[in-house]
Amino acid sequence: MVCARFVGRGLRGLAGKAMTLADVDALSRPADGLPIATAGADLLRVSASKVSRLMDLVGELSLTVSETIRSPDLDGLELTEFEKSAYRLKQVVRDVQVAAAELRVVPVGEVFRRMRRMVRELERQTDKEIELLFEGEDTEIDKIVVDRLFEPLVHVVRNSADHGLEKPDERVALGKPRRGKIVLSAAQVGSDVQIAISDDGRGLDRARILKVARERGFVRADEEPEDASLWPVIFRPGFSTAEVVTNLSGRGVGMDVLHSAMNAIRGRISIESDRGKGTRVILSIPLTLAFLDCLVMRVGQRMYAMPIDSVAEIFRPESEQITNLSASGGREVARVRDAFIPICRLDRFYGEAPAGDTALDQQIVVVFQTSRGRIGLPVDEMFDQQQVVMKPLQGHLETIRASFGCALLGTGEVAIVLDCERLGAGA
């Protein structure tokens, strides 16, 4: 249920009993003595399915308005006030979209508080003393996101307790408080909610992680990656630095599950760690999954959309900026400000037979940011930024790679919403 806190009193206990004015007055006052009207009687408890249905209808309304405004039947007609009215109508529809999305948001503290019991159990299993603190638990987020957030948080908190925090005696010897600290914090940053899980433990063991990464072939034997490039390897399937398998760790599935869960809700993960001082895992999650601000583009005959917050820059390359790296099988790269950006052509990525590659200097390149670096995507045509209605891919369409779902455009067309992380991983 989406909770907007419904306050009320039932009369079942007074069935068949005559009510006096004192009874009525007593029923109108909750435990704090304030009248219900001032204690939150204007708030309701509404089913999440009903709110989702409303949001679907608002999305359909937005599409219908766009189709009407762009109808070819209007071409050539002299409609003096039409542009002004159409603009006002689009603004009102967008405001309705925002208002509908706000109905499905709940405080993130709802999922934070569910961690308390698990942390008490972790104290018992690890023989450690753990203090769990919350910050920004009133930060609001989509109810659907909250439901999917619990499992990722479980894995991070469990990792912090098992791998991060030291035993009490060891902490005292290091000059730290006997009790280890795990802090869950949340804050809205633009259109995202950032949830950070911090601990004051030993930090990530760079040497151990690098050793395992080399053994598994994730890092070359002669490579010395920066921390920002090394930390993401812990999300690889099967990766684990634990020497002994326990009921808490050692199987190499926890952080992999976290990564998959975050991809499913269009989230991003970043890690900060200071050896001997602790680790901070930051989960950046969209405020809502219903509507998405996207850059819409065309490649060949297909329409694509890319979340606007993933776009780093857009440019039309000159011929001298383009080269092929023979060491990488003739892979195309574009040189931008002394950096080489690998090029990902969507027809090749999806295994389609190209009608003939268009020269890169005749296309527009959209550069998007991933955890592995920047990737360039050549497109034939760019459209304006749009707030699109997101729909999940179902049936045979579920097998489409590197996609969050489909976007319904105002023109009536359907665009594939690209998952830049998975696109970059397979580029």
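Contact here means heavy atoms within 4.5 Å. This is a predicted model, in which local features need pLDDT of at least 70 and side-chain atom pairs count only at pLDDT 80 or more, while totals for chains, interfaces and linings use all residues. Residues are numbered from 1 along each chain as its sequence is written, and side-chain values use heavy atoms, with hydrogens and water left out.

**View 1**
Let's start with Ile282, which is found in strand E9 (helices, H or I with at least four residues, and strands, E with at least two, are DSSP runs numbered from the N terminus). At 8% relative accessibility, Ile282 counts as buried (buried means under 20% relative accessible area, exposed over 50% and partly exposed in between, with a 1.4 Å probe and protein chains only). Leaving aside residues up to four places away in sequence, Ile282 touches Gln194, Ile195, Ala196, Arg268, Ile269, Ser270 and Glu272. Gln194 is 88 residues from Ile282 along the chain, yet their C-alpha atoms are separated by 6.6 Å.

**View 2**
Strand E8 (residues 268–274) pairs with strand E9 (residues 278–286) in the antiparallel sense, over seven bridges; two strands pair if DSSP finds at least two bridges between them. Here Ser273 stands opposite Thr279 in E9. Three residues lie between the two strands of this hairpin, and Gly276 in the turn has a positive phi of about 85°.

**View 3. The nonpolar cores.**
A nonpolar core is a set of buried Ala, Val, Leu, Ile, Met, Phe, Trp, Tyr and Cys residues joined through side-chain atoms within 4.5 Å. The largest one has 49 residues, and Phe112, Leu153, Val157, Ile195, Ile197, Leu283 and Ile285 are those with the most contacts inside it. Helix H7 (residues 143–164) gives the most to this core, with eight residues. Look for a second, separate core too: its 22 residues include Leu295, Met306, Phe368 and Leu418.

**View 4. Aromatic pairs.**
You will find three aromatic pairs in the structure. Rings of Phe, Tyr and Trp (its six-membered ring) pair if their centres lie within 6.5 Å; planes under 30 degrees apart count as stacked, over 60 as edge-to-face and the rest as tilted. Phe112 and Phe134 make a tilted pair, 5.7 Å centre to centre with 35° between the planes. Phe112 belongs to helix H5 (residues 109–112) and Phe134 to strand E4 (residues 130–135), so the pair ties together parts that are 22 residues apart in sequence. Both Phe112 and Phe134 are buried. The rings of Phe349 and Tyr350 are edge-to-face, because their planes stand at 85°, with the centres 5.1 Å apart.

**View 5. Arginines over rings.**
A charge sits over a ring if NZ of Lys or CZ of Arg is within 6 Å of the ring centre and within 35 degrees of the ring normal. Arg401 lies over the face of Phe349, 4.0 Å from the ring centre. Elsewhere, Arg114 lies over the face of Phe150, at 3.9 Å from the ring centre.

**View 6. The five-stranded barrel.**
Five strands form a closed barrel in the order E10-E11-E20-E19-E18, with mixed pairing. Strand E10 (residues 291–299) and strand E11 (residues 302–307) pair in the antiparallel sense over six bridges. Pro307 in E11 is the bridge partner of Cys294.
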